[in-house]
Amino acid sequence: ICYHNSCVEDLVDNLEKLPTVKSVIYAHNGGKFDYKCILGEFLKRGYTIKEKELEESYIQEYKKAKVSFLKNTDEKIINVLYKDNKFYKIEINMDSIVTERYKRKYTDKQGVVHEKGDPKKTVAKKLILLDSCLMLAGSLKSVSKGFLGLNLSKDGLDYSVFRDKGYKLTEEEKKYCYEDVFALKHLINEELIKPFNVEIDGIEVFNRCKADYLTSAGFSLDVFKHFLFFDCILTDNYKKNWSSKKAIKMVDEYKEKCEQEIIKSSRKTLFNYIFPQMNLDKDTVVRDTYFGGLCGTGEKIHNVNKKTKYNNKPSNINGCVLDENSMYPDKMRNNYLPFGYGSFVDDVDFINNYGQKYDENISFFGRFLIKGQIRLKKNKFPTIRLLNRYNRFFHTKDIFTSNEIENTDLDILATFNSIDYFDFLDGYKYDRIYPKEIVVFNNNKGFFDSFIDYFYDIKCHNKGSKKANAKLILN
């Protein structure tokens, strides 16, 4: 790759000539950059794309993402998994080739060894392009440093130069390419292909390769499923770690159904039993409440007194930056989280049983109609994020401090989870609020205890690859 390809055309020439029946190529961040150039060259050569519509589950689980491939045909087909301007996987079906088939040897009763199987087989030559950045998040320089302890120079290549077929690489360009390929080769061998093993008290919890997954999120989710199985089936950790009696009862019911052969015991069925898939109506209400955070200028937060924690006098400081260490593990380990089937509740039931006081054992997600005047209280921080499709006069990214538009107080439809709802009641003055569609879940604390404790300990007491792996899984 370093010395025999001076342009994309050269590279594709060599990819088509690869002698293997199935070849897997990794490029770091290739899904956003390299593969777009390579795919364009394949299309010039008569290949056809069959794009598959993606769902989130297809991206997260490698087995679900596998695309059926045409065999014994000369048709040049490309199957792609593509979302958010990024290729997750590209499978290129090249010309059919004749290969020697694997012959199975067996020994008869007389001790004579025989070979069974046809000597030849026609198969479709396959090339798979994957993005290592989806599994090892970060720049190649940063992950090489974190996992391998390598310091890459990452300079010497001018991306503005147009390189024709036959272009000769300079020594600086060769060095740049060599370092990249050397680092990526070792990352693949050491981190993706090598089995990732987890063992606790002599019990094997997990033993699979990262290369079996498309993304680090899918890998981490599967690791958690193995820990959940360890806590509930291989041990009784759930009985001492979980706070909710309803969650513990749910696992006991699952185990009874497995004994009665109503359900087949597996990591997948256990996970789906505790965290079942919601129907579309519930899912839409819950997803409407999701958002990553709020951001705005100092002028927007005009009624928050500019005082620092170090003195009680007004300051010229508009704000400060706070970074919580290991925020995701902390929240998963120490917070009460929803499980099971959520249920819709009517407005009277909500007001009487859920809307008066925050209860850590309950989570709710819903839409609320707010009428009359709405104003942010003095010294309170704005917490509302409005969806454009419900509130066309307000922008989703704006910090919401008032519903006044041109001297008129507009009704708004807000989407809150239980924490957002009580933050609103505490931080805003308002006239009337009406619950519209509310989904309520039971909460439990302890789902992630074994999972978090195991990898957090590795993160805190190791360096290099072990620490980087643990951090990757936790986040």
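User: What makes strand E11 and strand E14 count as paired, and in which sense do they run?

Analyst: Two strands pair if DSSP finds at least two bridges between them. E11 and E14 (residues 412-417) are joined by 6 bridges and run antiparallel, so by that definition they pair. Residues are numbered from 1 along each chain as its sequence is written, and side-chain values use heavy atoms, with hydrogens and water left out.

User: Which sense and how many bridges describe the pairing of E11 with E15?

Analyst: E11 pairs with strand E15 (residues 428-444) in the antiparallel sense, over 13 bridges. Within E15, Lys429 is the bridge partner of Arg375. Strands such as these are DSSP runs of E with at least two residues, helices are runs of H or I with at least four, and both are numbered from the N terminus. The chain has 16 helices and 15 strands.

User: Why is strand E11 described as largely enclosed?

Analyst: A residue is buried under 20% relative accessible area, exposed over 50% and partly exposed in between (1.4 Å probe, protein chains only). Of the 15 residues of E11 (residues 362-376), 12 are buried, so the strand is largely enclosed by the rest of the structure. Over the chain, buried residues make up 40% of the 475 residues.

User: How many disulfides does a search of the structure find, and what makes a pair of cysteines count as one?

Analyst: A disulfide is a pair of cysteine sulfur atoms within 2.5 Å. The search of the whole structure finds 0 of them. Among the cysteines, Cys232 has a relative accessible area of 0% and is therefore buried; Cys258, at 16%, is buried too.

User: What makes the length of helix H15 close to the expected span?

Analyst: The expected span is 1.5 Å times one less than the number of residues in the helix. H15 (residues 449-461) has 13 residues and reaches 18 Å from its first C-alpha to its last, close to the 18 Å expected. Its buried residues include Phe451, Ile452 and Phe455. The elements they pack against include helix H7 (216-234) and helix H16 (464-474).

User: What makes a group of residues a nonpolar core, and which residues have the most contacts inside the largest one?

Analyst: A nonpolar core is a set of buried Ala, Val, Leu, Ile, Met, Phe, Trp, Tyr and Cys residues joined through side-chain atoms within 4.5 Å. The largest has 56 residues, and those with the most contacts inside it are Trp242, Ile274, Phe451 and Phe455. H7 gives the most to this core, with 8 residues. A second, separate core of 22 residues includes Phe350, Phe368, Ala414 and Tyr428.

User: Where does pLDDT stay under 50?

Analyst: pLDDT is the predictor's confidence in each residue, from 0 to 100. It stays under 50 over residues 53-74 and over residues 302-311. Where pLDDT is low, the predicted coordinates should not be read in detail. For the chain, the mean pLDDT is 82, and 83% of its residues reach 70 or more.

Methods:
This is a predicted model: local features need pLDDT of at least 70, side-chain atom pairs count only at pLDDT 80 or more; totals for chains, interfaces and linings use all residues. Contact means heavy atoms within 4.5 Å.
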